[in-house]
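Biologist: I would like to learn how to read the packing of helices and rings in a model such as this one. Could we go through it feature by feature?

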Amino acid sequence: MLATRRFLPAALRLRRAAWQRPAIRSLATLAEESSFKIPLIDFSKFLEAGSKAEKRNTADEIVSGFRNVGFIYLDKHGIPESVVQKAFAQSAEFFRLPAEVKSKLEWEDPRSNRGYVKIGRERVTQSADANEIAQLRAKAPDFKESMEIGRDWDKTWKNRWPEEKLVPQFKPTMLSFFQTCHELHVLVMRAIALGLDLEENFFDDQINEQFHNLRLLSYPSIRTNLLRQEGQARAGAHSDYGTLTLLFQDSPGTPIPGTIVVNAGDLLARWSNDILRSTLHRVVAPPVEKLSETEGITPARQSIAFFCNPNGGAKISCLPTCLGVNGENKYPPVTTEDYIVGRLSVTYT
């Protein structure tokens, strides 16, 4: 297996400052504040609004949530529960395949970011140092497996699909879900545009290439004492890289049924000059099932994350309405592809 670091272009390695991460506060730190609350947004009020003023009311709620916490619960978002459950069922079928079958579809290149990632291969963290991440991975890898899916019409990078006979309807189900999530992303970004005093369609031509990543996640059951080891986690503390993440959770992990947990990513934070927060977060294990007085097991669970990104070649620089009082801009411009490939290159073995 070729080390992924070799895929990071030399020019990009020399421009690390350009993809420095936004100033990030952790969700745990925010939770300690007495005012902490993830807002619940009724998105139907935006979808069904009869005027720009009505849309603006919901837009302001969304921007306020990302400004203060970095997260929102999106309710009445327009994606039927049956569609979400079908995606979960197909995901579960895929992860039940034998390891040797899944390994034939393995993730190979951060520029592609497609394919199967076995348990222990990824170590998400805020570090940008390849050696430090390698040490973390060796000591406490993320205890999860995933399947990464991108836009299927890409001329350079191809998705790695299982044979149809092994998981019937897997490919069409995931492609349809990918498109559904993209369409919701466009609508939420329109709301954000209004909330930032921009034209509603400001982002449309900067997110229309669907440079996104659909990630299916499986967290196998594990003895709880293993998760309590130093540094060990389902997934380490991290921020997300793009504009937004749409997180769909199975029932044990869903605080409000029917909602999507949405968080702002690094590129949205950079676009907004840190007005909108990219918040540090991690995967929390569900309640422990006791095996004995001294031992327990953390049950299996799954989730689906849709990582929304601007177009690969989009230049991310401070929005005109987000400059500081004296015109300050915290970050140099960076393209979506440079930033995301740079982060991914040091995350995987």
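Modeller: Let us start with handedness: a crossing is left-handed if the near helix is turned anticlockwise from the far one by less than a right angle, and right-handed if clockwise. In this predicted model, the crossing of helix 5 and helix 8 is left-handed, where helices are DSSP runs (H or I, at least four residues) numbered from the N terminus.

Biologist: Which residues of helix 5 and helix 8 make the contact?

Modeller: Contact means heavy atoms within 4.5 Å; helix 5 contributes V83, V84, K86, A87, Q90, S91 and F94, and helix 8 contributes F170, T173, M174 and F177.

Biologist: What should I know about the numbering and the confidence limits?

Modeller: Residues are numbered from 1 along each chain as its sequence is written. Because the model is predicted, local features need pLDDT of at least 70 and side-chain atom pairs count only at pLDDT 80 or more, while totals for chains, interfaces and linings use all residues, and side-chain values use heavy atoms, leaving out hydrogens and water.

Biologist: How many aromatic pairs does a search of the whole structure find?

Modeller: Rings of Phe, Tyr and Trp (its six-membered ring) pair if their centres lie within 6.5 Å, with planes under 30 degrees apart counted as stacked, over 60 as edge-to-face and the rest as tilted. The search finds nine such pairs; the ring centres of F94 and F95 are 5.2 Å apart with the planes at 75°, so this pair is edge-to-face. F94 and F95 also belong to one aromatic cluster with Y116, W161 and F170.

Note on methods
Helices (H or I, at least four residues) and strands (E, at least two) are DSSP runs, numbered from the N terminus.
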